[in-house]
Amino acid sequence: MAVATRPQLSHLRALESEAIHVMREVAAEFEKPVLLFSGGKDSIVLLRLAEKAFRPAPFPFPLMHVDTGHNFPEVIEFRDRRVAELGERLIVASVQESIDSGRVVEETGPRASRNQLQTVTLLDALAEHGFDAAFGGARRDEERARAKERVFSFRDDFGQWDPKNQRPELWNLYNGRIRKGENVRVFPISNWTELDVWEYIDSEGLEVPSIYFSHVRDVFRRDGMLYAWREGTELIDGEEVFSETVRYRTVGDMSCTGGVLSQASTLEEVVVEIAATRITERGETRADDRVSEAAMEDRKKAGYF
Amino acid sequence: MTLDLLRFTTAGAVDDGKSTLIGRLLFDSKQVFEDQLEHVAAASERRGGEGVLDLALLTDGLRAEREQGITIDVAYRYFATPVRRFIIADCPGHRQYTRNMVTGASTADLAVVLVDARRGVTEQSKRHAFISALLGIPRMVVAINKMDLVEHSQARFDELVAEFADFAAGLGAITGRRAPDGVGADSAGQAAAISYIPISALNGDNVVERSRTMAWYDGPALLELLEQVEVAYDHPFDRPARFPVQWVIRPGAGISVGVDRDAGAGAADADYRGYAGQLASGALRRGDEVAVLPSGGRTRIAAIDTYDGELDEALAPMSLTLRLEDELDISRGELICRPDEAATVARELAADVCWMTDKPLRAGGRYALKHTSRSATAIVDRIEDLVDVHTLRRSQPADELALNDIGRVHLRTNVPLAFDAYTSNRRTGSFILIDESSNETVGAGLIAAPDG
């Protein structure tokens, strides 16, 4: 059949189709999947992809948020509103409860963060509910250990990732076979870049939490980053709180997520800003990756997202 | 219209400069971010390189890779130019080379094969070219690297091109593909079209910018070629429609297995019954007569649904949901196609299998098999031959396939499969084999033909 011009899907529609395929494979091959929804941009995209994969039916899995208790209030408010709009069910796994029950010990001092503690809460929640697959919004362009991770990322019964012994992943054939107690983390948007995510949010007209847009906030400078100041934040000598116009490129725990100076107040302006940036999102905003050269790899091996 | 997303694979032996080449592509196309560059500068210094950026460090992701200076696993890289977006599957050439190269090649539109200008066409470059051809990658670029170490010699370049072309001439015969019939050739069953470029990844010659030291070469730099090359999409449209059913959407039927939920979204559509999947190849239109394989039922497409509304026509590789005119009993794993261009249905088949684990494949072996959205059990009847990658010959019958071996294997399955030959359809012609006790993926299969 001779065709003069071959219609093609745009790169964004091709990535979308691939991600929907991954989600349906998981729904079909696992007994009890869950979708990890943080209220951040990547998991916002996952929710839209789930709508595209499963509507007009309800999602064949619940949503779950690992709440550190130090999340931005704007994000929690958005999370609850979005879940209500979708009519889906949300499970909140609380780091505070893990602390209260003695499963983990709160870090102390001005640099205390609940980032590491989340791993225990996440693994406990997966075990408690018997989830055998968990969708996450991680992307391979985010970080160098993630560049090596599979779409179906196998975890043993300790929740551990073994980067040197991953299952080969061929064509679009995913091996979802696991034993009881093991689980798989599934990353449908592995092949998306940060810019793809923003272009998709823009093209779909998706709402995102207000902290992604520029706003005036009380901040303090530490290790070259601008952190949000809130009631109870311990400052180190010489640090002071001041007002600045910032926005957030990533949405994590308030204690380890830095804002960036920005005037971008609409989706279009954010897309333009991201297209021109010369710094990676995690390099610019995440203290948790600065611990060592292999900080993310080490956390993932221990069962992190 | 060229595609705006190109997936390509790179592979090469230790020290042939693959990581440096990718680092150079990213660096010279200004795709390296400042914090990544700081990281590379700091790491280069720790490893004793004074003031020199070791671009290979850009691509090594794992701690062990940085410590040992090697690449362990396939890594995926993303970069974009104003013309195109690129996904690189960066495959290490030494450890578990077949496994990694086959993995990277399985989703690629183009392969960059590296040849070291001093060492010539090695077994490693031949293996990569063979695997690229076997996996049906429609375009191949042979990058003859380290030209700076052979005095940018045109004679050496010509010599290596002749040697490689001589080897490549045998690829079509062993992979069951016809020679390409033109520069833009990429249709089903054809061997890859090959381009040759002399480069120096270390100095950046002919990587992003054309080289001034090799004025005798008048072709494009590598990036120019990657931007302009025409490649049929992974799911070409001018092939028979293939729609493997992944998931049945029935809002009224309590499909959400194992999930406690309150009646929520979608409860209004109690009569809805849609077959969800990704169109693997071809196009489907509303009203088309379709056959469902292997059961053989016939009906017509009542509607093509997407979240964004109904479509008159769907094209590969779209994910969509079909509603059919008649109520047939269709479940996951069945294939919807047109009755006059139906896939082959059989329980016995012959396939080239790439073996990926230490414990060899032998006759009598039993494995879980995944083909499109269908899961089956397969038993190995016999191993017909083994491919010698160096000579491109198939040997006599073999007793086993060891790690990294590729050979023609005859299999039987417990349920019928609806498939095509891999040379005519990568999606419906491929399968994986899974060890039933360890659950590891142990083999990659490319279907040659039905058996018997």
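## Contact between the chains

In this predicted model, the contact between the two chains draws 65 residues from chain B and 60 residues from chain A. On the side of chain B that touches chain A, the residues divide by class into 33 nonpolar, 15 polar and 17 charged. For the complex, the predictor gives an ipTM of 0.90 and a pTM of 0.90.

## Confidence in chain B

The average pLDDT of chain B is 85, and 83% of its residues score at least 70. Two stretches of chain B should be read with care. Over residues 181–187 of chain B the pLDDT stays under 50, and the model has ten contacts for this stretch beyond four places in sequence. Over residues 255–267 of chain B the pLDDT is likewise below 50, while the model shows 29 contacts for that stretch beyond near neighbours in sequence.

## Domains of chain A

Chain A is divided into domain 1, which is made of residues 11–195 together with 294–301, and domain 2, which covers residues 207–289. The C-alpha centres of these two domains of chain A lie 23 Å apart, and their contact takes 23 residues from domain 1 and 20 residues from domain 2.

Which elements supply the side of domain 1 of chain A that touches domain 2 of chain A? At least two residues each come from α2, α3 (73–86), α6 (194–204) and α9 (295–301) of chain A, and the largest share, three residues, comes from α3(A). Taken by class, the residues on this side of domain 1 of chain A are nine nonpolar, eight polar and six charged.

## The sheet of chain A

Six strands of chain A form an open sheet with mixed pairing, in the order β3-β2-β1-β4-β6-β5. The edges of the sheet are β3 (90–94) and β5 (152–155) of chain A, each of which pairs on one side only. On average, and with direction ignored, neighbouring strands of this sheet are turned by 30° against each other.

Within the sheet, strand β1 (residues 33–36) of chain A and strand β2 (residues 63–67) of chain A pair in the parallel sense, over two bridges. In this part of the sheet, A:L35 stands opposite A:L63, a residue of β2(A).

## Two crossing helices in chain A

Two packed helices are described by the angle between their axes and the distance between the axes. In chain A, the axes of helix α1 (residues 11–29) and helix α2 (residues 41–54) come within 9 Å and cross at roughly 70°. Because angles of 65 to 115 degrees count as roughly perpendicular, α1(A) is roughly perpendicular to α2(A).

The residues that meet at this crossing are A:E16, A:A19, A:I20, A:M23 and A:R24 in α1(A), and A:L49, A:A50, A:K52 and A:A53 in α2(A). By class, the residues of the contact of α1(A) with α2(A) are six nonpolar, no polar and three charged.

## Domains and strands of chain B

Chain B is divided into domain 1 (5–228), domain 2 (243–341) and domain 3 (344–450). Between domain 2 of chain B and domain 3 of chain B, the C-alpha centres lie 29 Å apart, and eleven residues of domain 2 are in contact with ten residues of domain 3. The side of domain 2 of chain B that touches domain 3 of chain B has six nonpolar, four polar and one charged residue.

Strand β17 (residues 344–355) of chain B runs antiparallel to strand β23 (residues 406–419) of chain B, and ten bridges join them; here B:E348 has B:R412 in β23(B) as its bridge partner. β17(B) also pairs in the antiparallel sense with strand β25 (residues 441–450) of chain B, over seven bridges, where the bridge partner of B:W355 is B:G443 in β25(B).

Most residues other than glycine have a negative phi, and most peptide bonds are trans. In chain A, the peptide bond from A:R55 to A:P56 is cis, with omega near 10°, and A:P56 lies in the loop between α2 and β2 of chain A. In chain B, the peptide bond from B:L293 to B:P294 is cis, with omega near 5°, and B:P294 is found in the loop between β11 (289–293) and β12 (297–306) of chain B.

Key
Residues numbered from 1 in each chain as written. Chains lettered and ligands numbered in written order. Predicted model: local features only at pLDDT ≥ 70, side-chain atom pairs only at ≥ 80, totals over all residues. Pairing = 2+ DSSP bridges. Helix = DSSP H or I, 4+ residues; strand = E, 2+ residues; numbered from the N terminus. Axes fitted to C-alpha atoms, helices over the stretch in contact; angles between N-to-C directions. Contact = placed C-beta atoms within 7 Å. Nonpolar A, V, L, I, M, F, W, Y, C, P; charged D, E, K, R; others polar. Parallel < 35°, antiparallel > 145°, perpendicular 65-115°, else oblique. Domains from an automatic or database assignment. pLDDT = per-residue confidence, 0-100.
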